[in-house]
Amino acid sequence: MRLDSYASKRLLRIIPALGAVFVAALLVFSVQPMAARSLLAWYGGAPMVWAVSLFFFQACLLAGYLYAHLLATRVRTGAAVVIHGVALIAAFVFFMPPLPDSAWAPAGTEAPAGRILLTLLTTFGLPFAALSATTPLVSAWTVRAGAGDAVYRLYALSNAGSLVGLAAYPLVLEPALDLSGQAALWAWGFAAAGAMVLPAGVLAVRAARGRRTGARGRDRSGRGAAFHPAAFGLAAIGSLTLIAVTTHLTRDVAAAPFLWTLPLGLYLVTFIVAFRGGSPYPRRLVPAALAIFVAACLWVWFQDITYGALGNALFAHGGASLGFLFFACWLIHGELALRKPPASGLTGYYLSLTAGGAAGGLAASLGSPLLFPNVWEYPLALVLAAGVASVVPKRDGVGGRAVGRRLLPAGVALGLALAVTALEHRRPLRAERSFFGVVRVMEAYPGTEGWRRDLWHGGIAHGSQWMRPDRRREPVLYYYAGTGIDAAMRLHPRRRLAQPLRVGVVGLGAGALLVHSRRNDVFRFYELDPQVEEIARSTFTYLADTPATVEVVIGDGRLRLAEEDAAGAPGWDVLVLDAFTGDAIPVHLLTREAFELYARRLAPGGVLAVHISNRHVDLAPVLRAHSVDMGMMALLMVSEPAPERFHYESTWVLMSAEGSLLVEPAVLGAAGPWVGDAAVPADHFRWTDGYSNLLRVLR
């Protein structure tokens, strides 16, 4: 094709915008995991930190797209370039580098979602909104320069840049730089993006002025509808699906960037494929594949909650739910691409699409904890996606079936989702949901010798108790005789001298550790979730039955321990780290800085007991690395399960600077060897507040 052909000329008009769109999108999506991670240590590593952060960035994206729409439709191009330049300069001067100040750390009584949103707004709001306006604004400027409908390919390029930025964070930035280094690099990237955006605007102004005057020379970018209901609705379903799948995966593993970015990366890939040009999606393949993965998600979920028969629950859930997410979003985004208006109305279309994404994010991140007692947004996403596949218009001779028959797959998915949801939430004695997750109390065999109550967080048991009066102080789950925590309590030098113990415990659960308490002992529990304390007091009897003095402190355990350290409070004879979100210890409790704090909070001869039982990750190398670097003796103690006595496999690490307890023959004899990566831990297991690598510890 000759360079002076019409198509080539239109392509050349897009070239000045390519760099600006790609770099801006890369920065927009690399900052999101960095921002959320900077807050995790303040909110107990709760997976909802990511959900709320994602909603915030969707809202800021909406603000940026609205700003771009107004500039493109209400302001002349030259003035718009000047206004946008001022916004970029102000964002760089007043917000760089973008990291929240420690003054934003919560005191423990605030509503978490509101404070997270306010923290993000004052730290990232203007830079993110200004940068996110790049794609619609530069696209509108390029349309004025005569690019035509080819400008929609900039949207695919924008999502490609987003995907690169998203992948770069866990694979490049997080392993290589701490948070301050990441923020500094992002600040310079912001400056580079601004340097690209403004010349793209200037070139568009010159190109527009050079065209012939008259109807063809007028601004056409503002024509067309300002709101597209179908785009809004489809985008809302896609966004809700993204957050629902992410929450489903992270509640039992960890709120870690790579587990956030993988679903979001698939989400972006479907945008790229749908808007690349040509057919947005294969209309026979995608709905069929979607139906298969909806069924797979329901089957895996059913197997896990009824039989626990999955060999590796993480990969089973991950494979099914990520496959579902990919095909659901490919279908949804393909339908969005089929509905795009002429380029003259692209800013209104982009605005509608972004508004739908924000609405879906709002429903999944803030609405769901208020409306649903469990993570019901996940089965809701399965049903909505099946519904979209059922009712989208049939084209090219694919369909023609009656509406009732077309809705049959959605009806079947709805019935199965309701059945499995009811099964997971079956007959709870109590069920509560808050920002920090879903807590349920299940009761088994009431009135019999096997009468038992179980406390569940997500899909993991966090405490149990035999309810017959003569069995209430019988240890179960992870705390029975022969476990690491049993050794730390029973064989502690002060216990052997008949002296009381001072015990600090990060994580309350049902209060089951109190089976090891004695008269005159002092126990202080640090519990992040207020609803857990209420359930422990009202539904279980450990707190009421104990002869020890017990206090429960609400708030993040690490923050509360740091406050005590600063105040010079006396140390603990035994400090227990038993905090889990689902099946995962929050990462901020496992860093070098955290362990240095724990060491300072130990009394002379004190012992740190860390519970690391986990189906998905092996944290032994991380703890071994900390013990080596800090000069502390550490023992790994793994106890075999006894299902008939309701004893789970229990893995503990005991650490002490003085080691008097750890050299006891009874303790040494029960300890196992450090093997594999834990024998000589590599540098990537030396986690800090600025660096951690969960990929390295996956089982």
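**Close-up views of a predicted model**

**View 1. Helix α3 passes helix α4 in a left-handed crossing.** In this predicted model, the axes of the two helices come within 9 Å and cross at roughly 150 degrees. Angles over 145 degrees count as roughly antiparallel, and α3 and α4 are therefore described as roughly antiparallel to each other. On the side of α3, the contact is made by His84, Ala87, Leu88, Ala90, Ala91 and Phe95, and these meet Leu121, Thr122, Thr123, Leu126, Pro127 and Ala130 of α4. Sorted by class, the residues of this contact comprise 9 nonpolar and 3 polar residues, with no charged residue among them.

**View 2. The loop between α3 and α4 contains Pro97.** The peptide bond that leads from Met96 to Pro97 is cis, and its omega angle is near -10 degrees.

**View 3. Helices α20 and α21 form a left-handed crossing.** Helix α20 is made of residues 557–567, and its axis comes within 10 Å of the axis of α21, the two crossing at roughly 45 degrees. With this angle, α20 and α21 are therefore classed as oblique to each other. From α20, the residues Arg558, Leu561, Ala562 and Asp565 take part in the contact, and from α21 the partners are Glu593, Ala594, Leu597, Tyr598 and Arg600. This contact brings together 5 nonpolar and 4 charged residues, and no polar residue takes part.

**View 4. Helices α21 and α22 pack at an angle of about 60 degrees.** Helix α21 spans residues 592–600 and helix α22 spans residues 620–630, and their axes are 10 Å apart. Because of this angle, α21 is oblique to α22, and the crossing of the two helices is right-handed. The contact is built from Arg592, Phe595, Glu596 and Ala599 on α21, together with Leu623, His626, Asp629 and Met630 on α22. When the residues of this contact are divided by class, there are 4 nonpolar, 1 polar and 3 charged.

**View 5. The largest cavity of the structure has a volume of about 410 Å³.** A search of the whole structure finds 6 cavities of 30 Å³ or more. The lining of the largest cavity consists of 29 residues, and those that lie nearest its centre are Phe29, Leu61, Tyr65, Tyr155 and Asn159. In terms of residue class, the lining of the largest cavity holds 19 nonpolar and 10 polar residues, but no charged ones.

**View 6. Ala498 has a positive phi value although it is not a glycine.** The phi angle of Ala498 is near 60 degrees. This residue is found in the loop between helix α17, which covers residues 493–496, and strand β5, which covers residues 502–506.

Methods: Residues numbered from 1 in each chain as written. Predicted model: local features only at pLDDT ≥ 70, side-chain atom pairs only at ≥ 80, totals over all residues. Heavy atoms only, no water. 1 Å grid on protein atoms, 1.4 Å probe; cavity = no way out; pocket = protein on both sides within 12 Å on 5 of 7 lines; lining within 4 Å. Points joined across faces, edges and corners; volume = space filled by probe spheres on them. Nonpolar A, V, L, I, M, F, W, Y, C, P; charged D, E, K, R; others polar. Axes fitted to C-alpha atoms, helices over the stretch in contact; angles between N-to-C directions. Helix = DSSP H or I, 4+ residues; strand = E, 2+ residues; numbered from the N terminus. Parallel < 35°, antiparallel > 145°, perpendicular 65-115°, else oblique. Left-handed = near helix turned anticlockwise from the far one by under 90°. Contact = heavy atoms within 4.5 Å.
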